[in-house]
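Dear colleague,

Please find below the structure that I am handing over to you.

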Amino acid sequence: MPDNSSKFNPNLQVDIPEWINEEYFHPILKKDLPNFVKILKFTTIPATPPGENYTSLMMRIKMDIEMEDGFTQQKSYIMKTMLDENKGGTFFKTLNLFPKERLMYEVILPQLEAQYEESGIQVKFAPKCHWIEDKTGRITIVLQDLQTKKFKNINRLKGFDMLHMKRVLEKLAEFHAASVVLKEKMGTYPKEFTNTYLPVNYHKSKTYQARLNSYKAAMAKWGLEDYEKYAKMIPSADQYVNAAMHCFNADSQDFKVLNHGDFWSSNIMINYASKSASHPEINQIRFVDFQMCKWASPAIDLWELIICSVESNLRIRNFDLFIRIYHTHLLKSLKFLKYDKPMPLLSDLHISMLKYGFWGYFTTFTHLVLILLPSDKEASLLRLMQPGEEGDKFRMKAFTNPLYVRAVLDIFPFLYRRGILDL
């Protein structure tokens, strides 16, 4: 939920459904503010720039409201709802994103935070959820606007520096540790978090082949030494689907956690204790967007964070150090929560990073492409997958974007050296 409101005119660039109006927010305000009387002004603003949110319609709702004492105040919420079917909603519905996020806000997140509360400290992982509704299969979620509490995102094109990475890895370790302890209490997570959702017959579709052809054509322009060696290792559609499924269906004896599943900088919001740009002091961290949570190896979140959200010059150089930082805090958090099973060894974690290393390639091939693309109203996951001339043109632009090229020139040799591209 980045602070992007200043970049937009209200109601511009996004088709806002008619049902998102003052009347809809009356019961929400009554529940949140019992002394609320009426809405004086109602404004909807896209909560993310064009091309930065691909799976839902996300808006910032700003209101001037009158209270019983006659005073007025401003109120702001973040509202997420499902895309219309003609805008990709049908495709994303097959991935079960919104039912999963609903479960997270209603059931799982309060219990994860309760693990720490029971041990005597307050730990928050997410914004407060004010409202969840499922109306004829369309799920809508209304959340606290973290921007009003001075939370913000870093620049996704730049990535986290070492100071930020340390704190984010520690917060992730706290989240994962609580999920492990909760699993012991519950016995198992709901099927939404253990099942794997892939689009039907994806490996037979033309979309992957279109991306593959564009990707190999772009590789020839990167300046990658001996690029043909890497081009030959790019997986076929069947290999791609099978390897992705392997990452999700971890071995029964592996150490597993509830992964956030979409763990990159725009889903990590930070509040600072000091305003100094040169020496920022991080106060609090919150995670947002819980649509992709999955019970699997922590390698999933670690690969995505390191590949997609670290400053380019730190990504590979400090890769092993990042795993050490995470592991140290994971053990500390598990001990604090009185976890009584064998602790995962650092060597086990490195083995899992290799074992599920395909996620490093997967996230390079998918998420990183769009994350490093400067704001572009044409950008969308559907456009990236679209066969034909229009899709080819967009893919070539995205795959040869200088920021992306700089990243892959480090990432591909690294994956190759670790044997991760040997499918």
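This is a predicted model: local features need pLDDT of at least 70, side-chain atom pairs count only at pLDDT 80 or more; totals for chains, interfaces and linings use all residues.

Across the whole structure, a search finds 35 aromatic pairs. One of them joins Tyr116 and Phe125: the ring centres are 6.1 Å apart and the planes stand at 65°, so this pair is edge-to-face.

Tyr189 and Phe193 form an edge-to-face pair as well, because their ring planes meet at 75°, with the centres 6.2 Å apart. Of these two residues, Tyr189 is buried at 3% relative accessibility, and Phe193 is buried at 0%.

A ring also takes part in a contact with a charge: Lys229 lies over the face of Tyr416, at 4.2 Å from the ring centre.

Turning to the strands, an open sheet is formed by three of them in the order β6-β8-β9, with antiparallel pairing. The edges are taken by β6 (151-152) and β9 (282-287); each has a single partner strand, so one side of each is left without a neighbour in the sheet. Between β8 (residues 268-272) and β9, the antiparallel pairing extends over five bridges. Within this pairing, Tyr272 stands opposite Ile282 of β9. Helix α4 (residues 162-186) packs on the sheet and touches both β8 and β9. The direction of α4 makes about 50° with that of β9.

Yours sincerely

Definitions and conventions: Residues are numbered from 1 along each chain as its sequence is written. Side-chain values use heavy atoms; hydrogens and water are left out. Two strands pair if DSSP finds at least two bridges between them. Helices (H or I, at least four residues) and strands (E, at least two) are DSSP runs, numbered from the N terminus. Contact means heavy atoms within 4.5 Å. Axes are lines fitted to C-alpha atoms, for helices over the stretch in contact, and angles run from 0 to 180 degrees between N-to-C directions. Rings of Phe, Tyr and Trp (its six-membered ring) pair if their centres lie within 6.5 Å; planes under 30 degrees apart count as stacked, over 60 as edge-to-face and the rest as tilted. Buried means under 20% relative accessible area, exposed over 50%, partly exposed in between (1.4 Å probe, protein chains only). A charge sits over a ring if NZ of Lys or CZ of Arg is within 6 Å of the ring centre and within 35 degrees of the ring normal.
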